[in-house]
Structures are given as C-alpha cells and as structure tokens.
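Reader: I'm new to this one and would like to learn how to read it. Could you walk me through a few features?

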Amino acid sequence: MRGALVMILAGGLAAAQADVVELKSGAPLKGRVWERGGAEVVLNPYRTDIRRATRGVERVPATSVKRIVDDPDPHRAFWRRAEALAAGGDADGWLDLSRAAASKRLAGLARFAALEASALAPDSAQALKDLGPKAAELRAADRRLNPALSAKLDAFLAADDAAARAALRDEIRRLGAPWSDARLERVRRSAKEKKGRIDDRVLTLRSREHKGVYTLFVPASYDPWTPTPLLVGLHGGGRGGKDGKAVVGSGASAMNFYERGAARLGWLAVCPTAVEAPWSAKPNDGFLLAVLEEVQALYHVDLNRVHLTGHSMGGFGAWHFGPLYATRWATVAPMAGGGGGGLQRLQETATGVYLHHGADDAVVSVASDRAIAEQMRKADMDFVYSEIPDSGHGFPPEVEREMFEFMAPRRLGLPEGGGFAPAQASRSSFDGKPTKDELEAFGPLDQPAPPAASGGAAELKRLLEDLKAGGGRAERAAPALIARADAETATQTAKALSDPKAPADVKRCACDVLGGLARREGAKALAAALIDDDLSVVGAAGAAYGRMPGAAAERVKIYDRALNEVKRRFEAKKTGEARMTFPDFEAHCDALALWCGGLAAIGDPSAATVLKRIADEFLLPPLQVPASD
C-alpha cells in the first residue's frame, strides 16, 4: 500500500487537472485526461473535467501513447488523498500518506498526516516516530490527544470573569498549547458570533473611512478553535440610477452562488457589496481590505486558504484584485468577466486560476477569457478553463462544483528558494498583536463589553463617538443611546443628524436613535431630514418622525410638505434624456415604505391623507422603469 501512495504523490488522483500524456514520438500533451484504456486517449488541454466543455479537446490513438502520468503535483495529490482519508480513513492510511510526503521532502505535510494518524491511534509508535523531534510538543497542543487541555479550553470559553480567564490562559499554556492571549480571546469572541447566513452586515472596522455592507456565511460546522478556509465572492451588476452612482447587484445576490458549496465543504464565505461600480473603482479597494480584516478578526480564518472569485462585474473584479493582492489568495476564480493583465504576477506567486465563461455569453464576450486561457495553457500555469457552449451568462452547477474542487487542495504560495511554493500548514488569522483598528472597532480583547448605559457624561461621549464613526459601531451604540432616554442624549443625537458633513450611515442611525427616544428635542432635526439629499436618510427620518410627541395634525402637515419636495425630485428623475432606472424607483419605494410606518405611528385618521398621496402619486401610476436582470 505504501508503494501505491508514493505513486499517488508522484502522479495524482481522480479530479486531477494537469495530467501528462507522453507520446512515443513528439512532445508530450498536457491537460485533463477524459478517457483512457480504449482505442484512443481523450484529453482536454484546458484541464476541465466538465464534458460539455469540448473546446480544444484532443483525441490521440492509444497506440501512439507511451504512458499517462496523472497530475504530477505532490501538494495537490496529498490534499486530495487527505480529504479522502478524513472522510473515512484509518491510522495506517495516514501513516502511509505521511511516509509518501516525507519521500517527497514535504516535511510539513508529513507531520500533518502523522498527527492525524496519532489522533486515531494515540499509542502508535510509528506515528510518534514520524512526528519527529517535535512529537511531544505537537501532541500536547492537540486537544484530541490532550484531554486536560480540551477541558481547560472549554472552561475558557465559558468563563465570563476576566481574572478567571487570565488564570486559564496560563494553565492552557502550561498544558502545551503555545497560543497567545490575543488568539485565545479572539477564539472566545468568535464563539459568540452568529452562524448561518447574515445578509447586509454593516462594516465596523475602519467605518469612518469605508462605508458599506457585506453578506457572510458561517457553516454549522464552524469551530472557532480551528483555522477555516474563506471564500471571497464579488457580485455582478454595474452602475445604476439616472446619475450612474447607484450600484446594481449586491453581496446578498452573489452569496446565492456560493452558499451551497461553502456549506458542503464547511468553509466561511463573504460577499461584499461594492461601494461604487465597477469593482476596480478606487473606493472599493480599501473597503474590500477592511471587510477581509474584519472577517479575519471575528472568525478563525486559515490565511493560507483564502480564495477569490466573482461573476460578471465580479469576474472583472477578480481579475483586478487577484493580481493586485496575489500574495493573499490561494486561488483566483473569475467567472464570465474579462481582464487577465496580471497573469505573470499570478504565475510568479503560484496562484491557481479557475476560469469559466459561457461560449454563447451575450452579456460579456467570451473572447477575452478565451485569449487568457490560451496564454495560461502556453505558460503551463496552474489553471482550469471551463467554456460551456450553451450556458450563456450563467454559473452552472457543474462549474460551481468544479470550482470548489479546484480550490480545495490548493494553498497560498509562500516565498521559498527565490520563488513561491504552496504552504504546508495552516496559518491562523487569530495570531498576532491586535491592531488599533481592531481594538477601536470591537473593544479590548480581554475585557467585558461596556455596560449598555451608565447615565454619565463620559458614557454619552463614548457612545456619540461610536455613533459618529458610523457602520457597525453606530449600530452597536444605538440601543445604549436609546436606553439613556434623556433630553441631553436626544439633543446631542439631533446635532449629529443635523451635521451637513455627516455621512448617510451616521444620519440613518441617528434617526433610529431619535425615533427610539421619542423626545421633542429630536423633532426639528428629523423634520429637516425628511428632505435629505440621501433617500435612505429620508426613509429613516420618515420612520422616526411619527413617533415624536406633539399634535398629530402638525406632524401630518410636516410629512405632507416634505412629500411635496420628495415628489418634485421624483418627477425630475423621470424627465430629460436619461430616464429613471429601477434603482432610482426602488430607492423611492423603500424610503416611502418607511414613511408609512411613521405615519401609522401617529395613530390619527388625518395621516391617511398622506398615505393616500404616497399610493396615488408614487406606487399606483404606471411607470416604465428599465431594469437589469
């Protein structure tokens, strides 16, 4: 069996992408072998195993073939075999794999396999020998092999008292886990984060500089102690709205492509919503990095297994950010986009590329990706190109599956010997000293969160700072501000809302706070915000203003006057050379739907007149609005 596994590491397994067909005469052929053993060998030179992707397929008479060598990359072969063993292997299988990796001088992989063998057979002398001189250290840091450590780790997660946790951290290190205080406290914080899908989560880290949301998927199997792969998905769409400033597409829509695969493999996935279209627009750069850093601070990410993909506009985005940050990605997978100007950088950093495009794509021409695929083939890069003849501008299920299969065995290329080689171990995002940005966004790691409200001036100052920072910090501060329920809080929040330099996310949150406080000190600022330049603020103000104290008739009159201005702007977008587009119409509908809640909160029949106007003047008249599929 050991000999067979050595051959596996020299060759490959099913799902290999770079087989070699050696001919009796002439240069060898390289690609994905589809058929062998018959009268001919069938090979896809673009390395896909999707049989509908017939572009460039070669057929070679079996009599002209000397031999077929399956994917010769030992790293990929190791991880494919490891995946099979994890699904149902035994200690002997892991030991065989450890020996095979050692024969290829892949010491990190050999240790990994030997440790898995040791976990299945703790008394195995062979596993202990294969672990080498660090055997005792490696076994002590593995909770599967150290019951005392496992008990202390569980106790640490359950401990609310900071002093108790400090004592447990010391005990954990004495038991052999060489983890920093920061790593342990991040694990504890992460254990409290939600699992499942979270749509439109507001960015907290560096929220003063970068405004936006992202959609996150956390698998049910997520273990905060274990570094987990992360998929970053960029959505499609483009510019929208009459002024071209709106973004068509969202992280939530992109997550529909990736959630199933991430759940299947137990991966994290994050899909940000672009600040501006296209993805190469400058504001998206810092925003994307802030999203990455936030997810890597809150969830235990394996930094050697972060993968980038995107469809349509997101495919162009993957071609943009892939080479730009090549040392961050284990793989890059552009779908139905175009670009490829950074191929050399991706090749230099040993970054795998999975590329898909529909041959009949009527939205984005296949020509650019075809040319890129040919360049990658000639350069013998680590790549797969799947071109399906009848998939249009879509993302077929077999492409989704093959993309994840391509990503699964690949690790980040790390500098080695003047070049780059795949990482042989995981790398925790929870290691390292906390940054100023992390501490500002999420607070000290080893201290409890501040009380919801203390009633003091210092507490109000801190909460207002969080409010003015916007993003997730503002959302987190809002309930505490509302809980104060005093005139000074309402006055200071109204000032934040009235600040002409305040960004929209701060104003929206200020509206929510004033609505929750329901004090007269907030009424004037909310009334002014009913005609703010940003429709999302208009909606938030409309939802809150109806909760203000005072005569119902006067509040209805304020709504009615503000509606005249909203209507004037609405009509203006319907005229001129460029007609209103769906994002404009949607933004008005969203804002006025929130007004309906505010008007209902007044609780007076006179509010029905404004509700009728909203229906008659905005929702019921037929309107031809160009929309994007």
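Predicted model: local features only at pLDDT ≥ 70, side-chain atom pairs only at ≥ 80, totals over all residues.

Reader: Let's start inside. Which residues have the most contacts inside the largest nonpolar core?

Author: First the general idea: in soluble globular proteins, nonpolar side chains tend to be buried together. Here, the largest nonpolar core has 62 residues, and Leu 230, Val 232, Val 295 and Tyr 299 have the most contacts inside it. Helix 11, covering residues 282–298, gives the most to this core, with 8 residues.

Reader: What does Val 232 touch, if I skip residues up to four places away in sequence?

Author: Val 232 touches Val 270, Leu 288, Leu 292, Val 306, His 307, Leu 308, Thr 309 and Trp 329. There's also a second, separate core of 50 residues, which includes Ala 525, Leu 526, Ala 529 and Phe 585.

Reader: How many aromatic pairs does the structure hold?

Author: There are 16 aromatic pairs. To read one, check the distance between ring centres and the angle between planes. For Tyr 559 and Trp 595, the centres are 5.4 Å apart and the planes sit at 65°, so the pair is edge-to-face; the cut-off for that label is over 60 degrees. Tyr 559 is in helix 23 and Trp 595 in helix 24, so the pair ties together parts 36 residues apart in sequence. Tyr 559 is buried, at 0% relative accessible area, and Trp 595 is buried at 0% too. Elsewhere, ring pairs link Phe 78, Trp 79, Trp 94 and Phe 112 into a cluster.

Reader: One last stop: is His 311 buried or exposed?

Author: Buried means under 20% relative accessible area. His 311, which lies in strand 12, has 7%, so this histidine counts as buried. Leaving aside neighbours within four places in sequence, its contacts include Leu 234, His 235, Phe 257, Tyr 258, His 393 and Phe 395.

Note on methods: Residues numbered from 1 in each chain as written. Heavy atoms only, no water. Core = buried A, V, L, I, M, F, W, Y, C linked by side-chain atoms within 4.5 Å. Buried < 20%, exposed > 50% of the residue type's maximum accessible area, 1.4 Å probe, protein only. Helix = DSSP H or I, 4+ residues; strand = E, 2+ residues; numbered from the N terminus. Contact = heavy atoms within 4.5 Å. Phe/Tyr/Trp six-rings, centres within 6.5 Å; stacked < 30°, edge-to-face > 60°.
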